[in-house]
Amino acid sequence: MATAEEEIRRRLLDIASEPNESLPFNGRVRLARRKKSDPWFIKAAEGFLLCLAIGLLYATYYHFENVHLHVNRFYANLGYKEAQHNLGHSYMHGIGAEKHAETAIYWLKQASDQGHAKAQYNLAISHLRGFNAGLQPGEARKLIEQAAQAGIIEAQKTLETICVQGGCDI
C-alpha cells in the first residue's frame with residue numbers, strides 16, 4: 001500500500017496507472033507551467049494604451065466643454081435628437097465653441113423636426129429674438145404650443161404672457 005506522501009507525489013507528477021476515459025482529459029490534469037514574459041511589442045502596446053487612457057482622462061477633466069461638444073457632434077450626426085439639441089445650445093451660448101447662431105439654429109431645427117420639446121421652444125424663441133430660423137409667420141407659436149403640451153414650463157409661461165399679446169405671430 002502506498003503512503004500518503006507517495007500518493008501526493010504521484011498526483012502532482014501526473015503519474016496515473018491507467019487513463020480513465022470517463023473523466024475530462026482522461027483523468028490527467030497538467031500542472032500550470034511558468035508563464036513566459038510578453039514580447040516587447042505587447043509591452044509597448046500596453047504602454048501606449050495606458051498613456052492614451054491618461055490623456056483622455058486629462059482631456060475630459062480639464063477640457064470638459066470641448067470633449068462634450070465633440071461627443072455631442074458625433075451623436076448629433078448619427079441623428080440623436082438630444083445630442084442635436086445640446087449641440088445647438090452649445091453653439092448658441094458659446095459653450096465649448098465660439099458662438100455661431102447659424103449653426104445653432106441648424107442643430108436646433110434638426111432636433112425640433114424630430115420632436116424634441118426643448119429644441120422646439122429654443123428654436124421658436126430664437127426666431128422671436130430676431131435670429132433667422134427660417135420659420136414662417138405663426139410657426140413659432142405652433143412650436144411653443146407643442147413644447148408647452150410636452151410639459152416645458154418656460155413654453156407655458158411664454159404662451160400665457162407673450163403669445164396672448166400677439167408676440168408669437170411674427
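Helices in these legends (H or I, at least four residues) are DSSP runs, numbered from the N terminus. The model is predicted, so that local features need pLDDT of at least 70 and side-chain atom pairs count only at pLDDT 80 or more, whereas totals for chains, interfaces and linings use all residues. Residues are numbered from 1 along each chain as its sequence is written, and side-chain values use heavy atoms, with hydrogens and water left out.

**View 1. Asn72 within helix α3.** Asn72 lies in helix α3, which comprises residues 64-78. With a relative accessible area of 8%, Asn72 counts as buried (under 20% relative accessible area, with exposed meaning over 50% and partly exposed in between; 1.4 Å probe, protein chains only). Not counting residues up to four places away in sequence, Asn72 touches Ala83, Asn86 and Leu87, where contact means heavy atoms within 4.5 Å.

View 2. The buried residues of α3 are Leu69, Asn72 and Ala76. Because these cover an arc of only 70° around the axis, they fall on the same side of α3; the arc is that of the directions from the helix axis to the C-beta atoms. The face turned away from this buried side carries the exposed residues Phe74, Asn77 and Leu78. Among the elements that cover the buried residues of α3 are α4 and α5.

**View 3. Leu87 and its contacts.** Leaving aside neighbours within four places in sequence, Leu87 is in contact with Leu69, Asn72, Arg73, Ala76 and Trp107.

**View 4. The residue after α3.** Gly79 follows α3 and has a positive phi, near 105°.

Methods:
Helix = DSSP H or I, 4+ residues; strand = E, 2+ residues; numbered from the N terminus.
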